[in-house]
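Here is a friendly walk through one protein model, meant for someone meeting it for the first time. Have the 3D view open while you read.

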Amino acid sequence: MRTPQIRTLGKVRQIATNFQYSMIVALVLMSGWSSRVLAQDVHSHTLMEQPQELTADQKSKQSALIQIVRESTARFKDVKVAESEGYALTFGCVSGPDQGAMGLHYINFDLVKGDVIDVRHPQAVIYEPTANGGVKLIGADYLVLADTWNKNHATPPDLMGQWFHYFETPNLFGLPAFYTLHVWAWKDNPNGAFVNWHPDVSCAQFNPPTP
């Protein structure tokens, strides 16, 4: 099975990586984390699987969550609006082994620093690269660092009944352990609206310039 990959974006990668690690170092100093060696490992664990059969109440909550995400991120169809509000391409294009891809994560690290999960303010918005060199909005990602969350909460995070997934460290993204919930609000996912990977998302059109 192929290893998930991140197709990086030249100078944007360097800027985002420096910003990313500056944020991590600051958080480490504030929270007293011990230093760790981070590697590109891809293990992730789902804290709670989605039920096979959903109740009417669960279906209603899922639909409501997707609708709120759509309403809250519609303005980000123009990626320049997302950038103007502090979101920046951080990991390049994330492509999975057999599961498809996650696409392009534009992350707002000011939102990542806290442990607040607000459905109307996702920590990341997700795009898919297009053939004309642009990007198309496909979803949102709610992300909180595990150590930060665990200090103040006895249970893992959830959003309107949807449990977050846990990524341990080391991981593909070079981040400390974190919880994440993808919401594929703008591109239907046949495997479910809240799974990590989207089988119909591709990084094939992403052409990072040569540094």
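This is a predicted model: local features need pLDDT of at least 70, side-chain atom pairs count only at pLDDT 80 or more; totals for chains, interfaces and linings use all residues.

Let's start with strand β5, which runs over residues 124-129. Buried here means under 20% relative accessible area. By that mark 6 of the 6 residues of β5 are buried, so the strand is largely enclosed by the rest of the structure. In a regular strand, side chains alternate between the two faces of the sheet. For β5, both faces are covered: A124, I126 and E128 sit on one side, V125, Y127 and P129 on the other, and all are buried.

Who are the neighbours? Strand β4 (residues 101-107) pairs with β5 in the antiparallel sense, over 4 bridges. Across that pairing, I107 stands opposite A124. Strand β6 (residues 135-145) is also an antiparallel partner of β5, this time over 6 bridges, and I126 has G139 of β6 as its bridge partner. β5 and β6 make a hairpin with 5 residues between them, and in the turn G133 shows a positive phi of about 90 degrees.

**Salt bridges**

The structure holds 4 salt bridges; here are some of them.

| Pair | Closest N and O atoms |
|---|---|
| K61 and D57 | 3.6 Å |
| E128 and K187 | 2.7 Å |

K61 and D57 both belong to helix α2 (residues 56-73), where they are 4 residues apart, about one turn of the helix. K61 is partly exposed at 40% relative accessible area, and D57 is partly exposed at 46%.

R75 lies in the loop between α2 and α3 (79-84), while E85 is in the loop between α3 and β3 (88-95), so this pair ties together parts that are 10 residues apart in sequence. R75 counts as partly exposed at 38%, and E85 is partly exposed at 34%.

The E128 and K187 pair brings us back to β5. E128 lies in that strand and K187 in the segment after β10, so the pair ties together parts 59 residues apart in sequence. E128 is buried, with a relative accessible area of 11%, whereas K187 is partly exposed at 23%.

Key: Residues are numbered from 1 along each chain as its sequence is written. Side-chain values use heavy atoms; hydrogens and water are left out. Buried means under 20% relative accessible area, exposed over 50%, partly exposed in between (1.4 Å probe, protein chains only). Helices (H or I, at least four residues) and strands (E, at least two) are DSSP runs, numbered from the N terminus. Two strands pair if DSSP finds at least two bridges between them. A salt bridge is a side-chain nitrogen of Lys or Arg within 4 Å of a carboxyl oxygen of Asp or Glu.
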